[in-house]
Amino acid sequence: MTTEEPQAPKQLHATPLIYGYFVLLMTLELAPVSLSATPLKYISKEQLHLDAQAAATLAALVAIPGYFAFALGLIRDRFNPLKMGDRGYLLVFGCVIGLIFLAISQIPLTLRSLGFCLFLVAASHMLVRAAYQALMRNISEARLMSGRMSTTYQFMTTAIPMLGTLAGGWLTDHQISWRTILIGVGLGFLCLGLFGTWKPAAVFEGLAPTPATSSAEFWREVKALAKRRAFWIAAVIWGLWAFSPGANTPIYYYMTTTLKMSQFEYSFYDGLTTITLVPTVLLFGLLIKRYSLWSLVLTATFVAIPQMIPLMLIHNAGQAYAAATFMGLTGGLATAAFWSLVIRASPQGLAGTGMLMAISFGSLSVRGSDILGGWIFKHWGFSGCAIVTTIAYLFLIPLMFMLPRA
């Protein structure tokens, strides 16, 4: 009589459908956001007559939910809307954001009404991001594809915003009503909500259903996350990488007011800073199969530190485009490497909390540095913004050596 040996668990692999699923998901999430970026800046400057510092302050206030994204990640890890897991968050809050943008396109806009609506959008958007970031992290672990998923994610977060920003700038320059643009944004988010109803078996195979976690077990996992040294270093690195006084509101005012560039020229510059990330993001996807993440992170950091310096030398649109290309090419490898660190360091039981904690750090850094950049721009000009950014990036080096090599 022979005893059958237990079969080893089936090893799941990455498939084209998985990439297609996340590409479509990220397109529906990113395209409406990027399409609205330039029209919303136009509204702040031309409709509400805000200066650079006031516009940056408004953006910082409506982004408050992003600073506490980890709390919304806790909500994702604790609750299961419509018993659909992460897809329930996509369905419910994708539709909520769509309806809010449709409302913005119809109501008379004041500083208060715009700020309130955008605050609600930001909170709902963080819940959407908590869901799909956790989904991305867990599928990456199940199929041993965290490096490739990071590459896919960074590719999409560069290519789609570039196209959306260009489209928003072109539509604004060609006198397309910002209300019409925001209607399109709202419809895009409604499509994201409908996407949440789709559950292809080949994508979700091997992914455990969202468990009914007890409060005691949930808080034990929270305490374990608090002691996870590798995660906190990875999250701080991501936050510091997002620090860039001058790269948002100040550069917009500098180019459109000081250099007299058009809305489309600025949008083209802004798009170039993202699309030129693509070659080195894709390069990371190739290199991660041959070299350790540690060596790639260290190399990428040294390459990326001086990326803001060329912006100190621009005087016209052509020079701005050249500077944008340099920034993208030198920053893409670091962006993919740093996000891969976050994916690997986030715990499975608190995937939403971990991924959103890093995003919280990034949001705080972006908006805080934007306000700081508005002050620096007012007193020392744009060169001051570029110098402060470069000095801040130097602190990435000691953080690299604090990472556990495992």
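**Cysteines and buried residues**

Author: Searching the whole structure turns up zero disulfides. Cys117, for one, is in no disulfide, and the nearest cysteine sulfur, that of Cys95, is 17 Å away. A word on the source: this is a predicted model, where local features need pLDDT of at least 70, side-chain atom pairs count only at pLDDT 80 or more, and totals for chains, interfaces and linings use all residues. Residues are numbered from 1 along each chain as its sequence is written, and side-chain values use heavy atoms, leaving out hydrogens and water.

Reader: Why is Cys117 called buried?
Author: Buried means under 20% relative accessible area, exposed over 50%, and partly exposed in between (1.4 Å probe, protein chains only). Cys117 has 11% relative accessibility, so Cys117 counts as buried.

Reader: What makes Cys385 buried?
Author: Its relative accessible area is 0%, so Cys385 is buried too.

Reader: And why does Gly85 count as buried?
Author: Gly85 has 9% relative accessibility, so the word buried applies. Gly85 sits in the loop between α4 (69-78) and α5 (86-104); helices here are DSSP runs (H or I, at least four residues), numbered from the N terminus.

Reader: What makes Asp370 buried?
Author: Asp370, in helix α17 (residues 351-393), has 0% relative accessibility and therefore counts as buried.

Conventions: A disulfide is a pair of cysteine sulfur atoms within 2.5 Å. Helices (H or I, at least four residues) and strands (E, at least two) are DSSP runs, numbered from the N terminus.
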